[in-house]
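Please look over the model below before reading the notes. The briefing follows by topic.

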Number of protein chains: 2
Amino acid sequence: MSIDVLQEKIRKTKNPSMVGLDPSLETVPPHLIQAAIAKNGHTLEALAEAYETFCAQLLRAFKGIVPAVKVQSACFDALGAPGVAAMQRVLQQAQKLGYYVVLDSMRGDVGVIAALCAQSLFGQVQAGEETFQPYACDGVTLNGYLGGDSIAPFLPYCEKGKKNLFILVKTSNRTSTEVQDLLSGGRLVHTAMADLVNRWGAGMHGKCGYCQVAAVVGATYPNILKTLRSKYPGMFFLVPGYGAQGGTAKGVAGAFDRFGHGAVVSASRSIIAAWKKTETDGRDYVEQAIAAAEKMKKDLAKYTTVM
Amino acid sequence: MSIDVLQEKIRKTKNPSMVGLDPSLETVPPHLIQAAIAKNGHTLEALAEAYETFCAQLLRAFKGIVPAVKVQSACFDALGAPGVAAMQRVLQQAQKLGYYVVLDSMRGDVGVIAALCAQSLFGQVQAGEETFQPYACDGVTLNGYLGGDSIAPFLPYCEKGKKNLFILVKTSNRTSTEVQDLLSGGRLVHTAMADLVNRWGAGMHGKCGYCQVAAVVGATYPNILKTLRSKYPGMFFLVPGYGAQGGTAKGVAGAFDRFGHGAVVSASRSIIAAWKKTETDGRDYVEQAIAAAEKMKKDLAKYTTVM
């Protein structure tokens, strides 16, 4: 899928949001963990099964409401191989159900290793006479601190309009100022990174007008969103940090163009762990998550109309 | 293990080098792949088995010669769950054989996710009544672009002198200039990053005088190594990019103090894929790798004497 498909899915659902699937002992309700432990013992396999069940139920529930999901690699990696196996199935299921799927792995490495990553994420891994796609995804988050070498191997997949990159420009966390806001000449480091993202994606614009190489800009920095929106009319933004991290619908409105296009706002804990804010034991986590996703959609719509 | 243990292992072997285990279809000899395919079919499991055999043989071979190894997460991740399972066993074996073990994963994420990473890499993952250590390692490479939030959850493990961080300051690749060499005030971005590394590790110095929070600085930038060495007398350097990437023994000499302490130079392909430079079919890859590791040791010793 390409940035056009993401934009079209957003237009169809009238919902410029992306749910982050971040399963952990903090977000998955206890009854799912207990059931998996009863079946698999006190093992990492049990946690992996509980995480997978949790994500699978949520994926079924969000269908038709949410256009895109973001799968947090670190949550599954934390369980070792059983976690990764579960993540591979969650990614597959998400694609099968028709979501636009981002794998959130925030890596960055030198050329030869980046090429391996690009191949396993976007291409095919060759094992003898067979080929495999270990990670079914449409886009991936990358850290551009290493510069163009670390991005280049991914670009041919973007150029063909098949895959997208979401490169960290200005992250939603408080200390993103420490490196990303250093003043460099007339620019801040994150503006320099945005310039690079713009250069790396040059000529790779979809029919929707947005570039296949996109930027991550935190919901917690509304002014930066506005500035970058007006400076880069063709740059698509993935905007994390709405909800649990403090980003607001008003704050993210500046990320969109006048048609409500050009950005997608992601939220993880505030949606998938909405059950924790209720008096329940989490058995109604699906209903609570749907309610939270619909509330987020309405909230965003107060300031942004997707045409 | 701590930075003291790494420094002591280097002192004992008189070898300030670290071998990077980067198994891939480029570095693993064909006969290992073919044997694993004959046994497991044309599957990712077969590749994972071949990668594991390759690393296991090399780990046995380097014992007593090389003090430390660096395991490249991306190479194993590329195979999905079977690859990760193989990596977990390679890490365990490396620790069992007495190596100082770095997991090279170059991630960086916001606080709550960084905390999960820190726990799975340095701590214990709780599954019901049991605890697990999915990844046996002594140190990990991290990308500090997100600032202190992304580093903080790892610091308690460093403070206790049990684990180490290797934070990307100036990477060995050509385009590291694009972001890392931006001029910011009187500093370059990578110098600002080094200042942060210095601050994050404040008060966490081992008995050897070096800090548990270390920096990655590429062998391909000799002048930067010299400058940083003199500016931060307590900062330990992991120096990648020797060999295949073009770093030389003369160039890395500036990373060490006058006792030959304070740095470790890593090489991957030039050691583990040394068989590719010969006329053989790779069946002698272990002998070729030992020869290359010993050649590297001698080469480094021309300019750096470890006391």
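Where is the place of A:Asp284 in chain A? A:Asp284 sits in the loop between α12 (269-272) and α13 (285-303) of chain A. This is a predicted model.

**A:Asp284 and its surroundings**

- A:Asp284 counts as buried, because its relative accessibility is 18% and the cut-off for buried is under 20%.
- The side chain of A:Asp284 makes a polar contact of 2.8 Å with the side chain of A:Thr280.
- A:Pro29 is 255 residues away from A:Asp284 along the chain, yet their C-alpha atoms are separated by 9.2 Å.

**The contact of chain A and chain B**

- The contact draws 73 residues from chain A and 73 residues from chain B.
- In chain A, the most area lost to chain B is that of A:His42, A:Arg107 and A:Tyr145, together 14% of what that side buries.
- Between them, chain A and chain B bury about 5,500 Å². Carbon and sulfur atoms carry 61% of that area.
- The rule finds 33 residue pairs in polar contact across this interface, both residues being at pLDDT 80 or more.
- Helix α9 (residues 189-200) of chain A gives the largest share of the side of chain A that touches chain B, with seven residues.
- By class, that side of chain A has 34 nonpolar, 26 polar and 13 charged residues.

**Salt bridges across the interface**

- Side chains of opposite charge can pair when their charged atoms come close.
- Six salt bridges are found across the interface of chain A and chain B.
- One pair is A:Glu178 with B:Arg199, whose side chains meet at 2.9 Å, N to O.
- Another is B:Glu178 with A:Arg199, a salt bridge of 2.9 Å, N to O.
- B:Glu178 lies in helix α8 (residues 177-180) of chain B and A:Arg199 in helix α9 of chain A, so this pair joins two chains.
- A:Arg199 is exposed, with a relative accessible area of 51%.

**Salt bridges within each chain, and a network**

- Over all chains, the structure holds 28 salt bridges.
- In chain A, A:Asp195 pairs with A:Arg187 in a salt bridge, with the closest N and O atoms 2.6 Å apart.
- A:Asp195 is partly exposed at 21% relative accessibility, and A:Arg187 is partly exposed at 30%.
- In chain B, B:Asp195 forms a salt bridge with B:Arg187, and the closest N and O atoms are 2.6 Å apart.
- B:Asp195 counts as partly exposed at 21% relative accessibility, and B:Arg187 counts as partly exposed at 31%.
- A:Asp77, B:Arg107 and B:Asp109 belong to one network, joined by salt bridges that share partners.

**Cysteines**

- How many disulfides does the rule count over all chains? The count comes to zero.
- A disulfide needs the sulfur atoms within 2.5 Å.
- In chain B, the sulfur of B:Cys211 is 7.9 Å from the closest cysteine sulfur, in B:Cys158, also too far for a bond.
- A:Cys211 is buried, with a relative accessible area of 4%. B:Cys211 is buried as well, with a relative accessible area of 4%.

- A:Met106 is not a glycine, although its phi is positive, about 45°.
- A:Met106 belongs to strand β3 (residues 100-107) of chain A and is buried, at 8% relative accessible area.
- B:Met106 has a positive phi near 45° and is a residue other than glycine.
- B:Met106 is found in strand β3 (residues 100-107) of chain B and is buried, at 8% relative accessible area.

**The loop at A:Gly185**

- A:Gly185 lies between β8 (183-184) and β9 (187-188) of chain A, in a loop.
- A:Gly185 counts as exposed, at 62% relative accessibility.
- A:Gly185 and A:Glu8 are 177 residues apart along the chain, and their C-alpha atoms are separated by 39 Å.

Terms used
Residues are numbered from 1 along each chain as its sequence is written. Chains are lettered from A and ligands numbered from 1 in the order in which they are written. This is a predicted model: local features need pLDDT of at least 70, side-chain atom pairs count only at pLDDT 80 or more; totals for chains, interfaces and linings use all residues. Side-chain values use heavy atoms; hydrogens and water are left out. Contact means heavy atoms within 4.5 Å. Buried area is the accessible area (1.4 Å probe) that two parts lose on being put together, summed over both. A salt bridge is a side-chain nitrogen of Lys or Arg within 4 Å of a carboxyl oxygen of Asp or Glu. A polar contact is a pair of N or O atoms within 3.5 Å; within protein, one must be able to donate a hydrogen and the other to accept it, and residues adjacent in sequence count only if both atoms are side-chain atoms. Helices (H or I, at least four residues) and strands (E, at least two) are DSSP runs, numbered from the N terminus. Ala, Val, Leu, Ile, Met, Phe, Trp, Tyr, Cys and Pro count as nonpolar, Asp, Glu, Lys and Arg as charged, and the others, Gly among them, as polar. Buried means under 20% relative accessible area, exposed over 50%, partly exposed in between (1.4 Å probe, protein chains only).
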